[in-house]
Amino acid sequence: MNIYWVDSLDHGEDWFVAANSMHEAMKFFALDMGYDLVGDEIKATEVCAVPGNVSIPETQFLDEDQISACGGELLRYDDKDLLEVVDQSVLDQLGVETRMVRFDNKVFIEGNVARAALQTLKSEILP
């Protein structure tokens, strides 16, 4: 079993999936998140093998404990750009929090629907 970073064209739900293959990780992500595998440009990158002392019996999204057990380091991310547009209470109601994780020397930023919407708004407003 390996850990894959799976992302989509809109970067609204990017996150880690444990799976036996890259294709299995992408298919799981697309089905669970409601994406079209081809149309939404689902991609996966192998991050590392699941260590022998960590039990992940089936294809799944990883939680923070599993990420830490597999060698990932959770980092704080400042959502100040979102807070310029919406109040913290709105983000709290949406359950929006951007997480970052470092595996070795590579940092991954969690997909965030509110952030994806903000980027879309910025691109429509700013030519």
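Reader: Glad to be here! What should I know about the model before I start?

Author: Welcome! The model is predicted, so local features need pLDDT of at least 70 and side-chain atom pairs count only at pLDDT 80 or more, while totals for chains, interfaces and linings use all residues. Residues are numbered from 1 along each chain as its sequence is written, and side-chain values use heavy atoms, with hydrogens and water left out.

Reader: Thanks. How many helices and strands does the protein chain have?

Author: Helices (H or I, at least four residues) and strands (E, at least two) are DSSP runs, numbered from the N terminus. Here the protein chain has five helices and seven strands. Their order from the N terminus is β-β-α-β-β-α-β-α-α-β-β-α.

Reader: In what order do the strands of the open sheet lie?

Author: Two strands pair if DSSP finds at least two bridges between them. In this model, four strands form an open sheet in the order β3-β1-β2-β4, with antiparallel pairing. At its edges are β3 (43–49) and β4 (60–61), each pairing on one side only.

Reader: How many bridges join these strands, pair by pair?

Author: Strand β1 (residues 2–7) is joined to β3 by six bridges and to β2 by five. Between β2 and β4 there are two bridges, again in the antiparallel sense.

Reader: Now to burial. How much of the protein chain is buried?

Author: Buried means under 20% relative accessible area, exposed over 50%, and partly exposed in between (1.4 Å probe, protein chains only). Of the 127 residues in the protein chain, 39% count as buried. Strand β2 is mostly covered, since five of its five residues are buried.

Reader: Which residues have the most contacts inside the largest nonpolar core?

Author: A nonpolar core is a set of buried Ala, Val, Leu, Ile, Met, Phe, Trp, Tyr and Cys residues joined through side-chain atoms within 4.5 Å. The largest one has 16 residues, and I3, F16, V47 and F103 have the most contacts inside it. At least two of its residues come from each of β1, β2 (15–19), β3 and β6 (100–103). The most come from β2, which gives three. A second, separate core of 11 residues includes V6, A19, Y35 and I42.

Reader: Why does F16 count as buried?

Author: F16 counts as buried because its relative accessibility is 0%. This residue is in strand β2. A contact means heavy atoms within 4.5 Å. Not counting residues up to four places away in sequence, F16 touches I3, Y4, W5, V47, Q60, F61, L62, I67, V101, F103 and F108. F16 and D63 are 47 residues apart in sequence but 8.6 Å apart in space, C-alpha to C-alpha.

Reader: And Q60: is that residue buried or exposed?

Author: Q60 is buried, because its relative accessible area is 17%. This glutamine is found in strand β4. A polar contact is a pair of N or O atoms within 3.5 Å; within protein, one must be able to donate a hydrogen and the other to accept it, and residues adjacent in sequence count only if both atoms are side-chain atoms. Here, one of 3.2 Å joins the side chains of Q60 and Q66. Leaving aside neighbours within four places in sequence, Q60 is in contact with F16, V17, A18, F28 and Q66.
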